[in-house]
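Please read it alongside the model.

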Amino acid sequence: TTFFPFYACKPRIWQAMASSVFKPGLFKHKVAIVTGGGSGIGKAISAELLELGCNVVISSRNTGRLEAAAQEMRQKLPLSSPASVTPLQCNIRNENEVKELVSSVLKQYGRIDFLVNNGGGQFSSPAEHISSKGWKAVIDTNLTGTFQCCQAVYSSWMKQHGGVIVNIIADMWKGFPGMSHTGAARAAVDNLTKSLAIEWAASGVRVNAIAPGTIFSKTAMENYKDLGPQLFRMSVSHCPAKRLGVPEEISSAVCFLLSPAASYISGATLKVDAGQSLYHSMWEIPNHSAWPEAPEGENLDAMKELLNPQSKL
């Protein structure tokens, strides 16, 4: 693609202008924590918040990935931007590490306006093969980790000053066969979102969730190893849009819920899935005869005749 000379001379300005639909400076002087902010959806959220003037603290367990993501984001910021990005290592399963993360942010910035609970993880497995250790790891990360971050930020800052929390969950409305551990955890976070929205309303804290459909990112595909390409290819036909989503389509929804435009929205879960949650499931059930027989009677006889009509000579 060939760009006009004006943009070629100022690539940093072009990048900043091109990506967000929201007005420049929307989150100027605000401070956000984004867990799992070094890759995929979390990275896209962090980048858009930065572009809109927000100071962003990205956290995850992987220090190397965090540092690389922070450096990449800094390079894309205009020189005139007041925003900054700070990578801080944190395992959200560990309560003490979560408290230390919050304490460090308050020491550096003196406030926490936004918390985006994007950190999480899971692996694909039929329920019968999930070990107790694997189940606990996913629940501790996706549910307990989210709760610990919410509680720490609320107790340390938002209880007295208000703020906005957005929890990233998943398309688990029809169950989550193949990933029952994360389905259970994400469903719990959906309910937690509603509970906190009521409990913390008097403190001026809004709490919402976003349920993405199938969102493609290079890191997400790599996380599922050899199964990744197959999973994403299979997903296309199960989405009404007949394409996968990308992280930037989630980040804009997050920015909306954090913004003044959503000032009267709390306890809601926004499905960003192109209608995928209304469509059919990827889990295929083979033909079988294991189900109990229906009660006998004229309706059963008529149904059998409908489905298996006797050939008439």
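1. Basis of the note. This is a predicted model, in which local features need pLDDT of at least 70, side-chain atom pairs count only at pLDDT 80 or more, and totals for chains, interfaces and linings use all residues. Residues are numbered from 1 along each chain as its sequence is written, and side-chain values use heavy atoms, with hydrogens and water left out.

2. Helices α5 and α6. Helix α5 (residues 95-109) packs against helix α6 (residues 132-161) at about 40°, with the axes 9 Å apart; helices are DSSP runs of H or I of at least four residues, numbered from the N terminus. Axes are lines fitted to C-alpha atoms over the stretch in contact, and angles run from 0 to 180 degrees between N-to-C directions. The pair is therefore oblique, given that angles under 35 degrees count as roughly parallel, over 145 as roughly antiparallel, 65 to 115 as roughly perpendicular and the rest as oblique. The crossing of α5 and α6 is right-handed, that is, the near helix is turned clockwise from the far one by less than a right angle.

3. The α5-α6 contact. Glu95, Val98, Val102 and Leu106 of α5 meet residues of α6 that include Cys149, Ala152 and Trp157, contact meaning heavy atoms within 4.5 Å. By class, this contact of α5 with α6 has seven nonpolar, three polar and one charged residues; Ala, Val, Leu, Ile, Met, Phe, Trp, Tyr, Cys and Pro count as nonpolar, Asp, Glu, Lys and Arg as charged, and the others, Gly among them, as polar.

4. Helices α6 and α7. α6 also packs with helix α7 (residues 180-199), at about 15° and with axes 9 Å apart. That angle makes α6 roughly parallel to α7. The contact includes Trp135, Ile139 and Phe147 of α6 and Ala185, Val189 and Leu192 of α7. Its residues divide into 12 nonpolar, six polar and one charged.

5. Helices α3 and α4. The axes of α3 and α4 come within 10 Å and cross at roughly 35°. Lys43, Ser46, Ala47 and Leu50 of α3 touch Ala69, Glu72 and Met73 of α4. Four of these residues are nonpolar, one is polar and two are charged.

6. The second largest pocket. Its volume is about 640 Å³. Of the 28 residues lining the second largest pocket, Lys43, Ala44, Ala47, Lys76 and Glu248 are the closest to its centre. α3 supplies the largest share of the lining, seven residues. By class, the lining has 10 nonpolar, 10 polar and eight charged residues. A pocket is an open set of points on a 1 Å grid over the protein atoms alone, where a 1.4 Å probe fits, with protein on both sides within 12 Å along at least five of seven lines; lining residues have an atom within 4 Å of a point. Grid points are joined across faces, edges and corners, and the volume is the space filled by probe spheres set on the points.

Definitions and conventions. Helix = DSSP H or I, 4+ residues; strand = E, 2+ residues; numbered from the N terminus.
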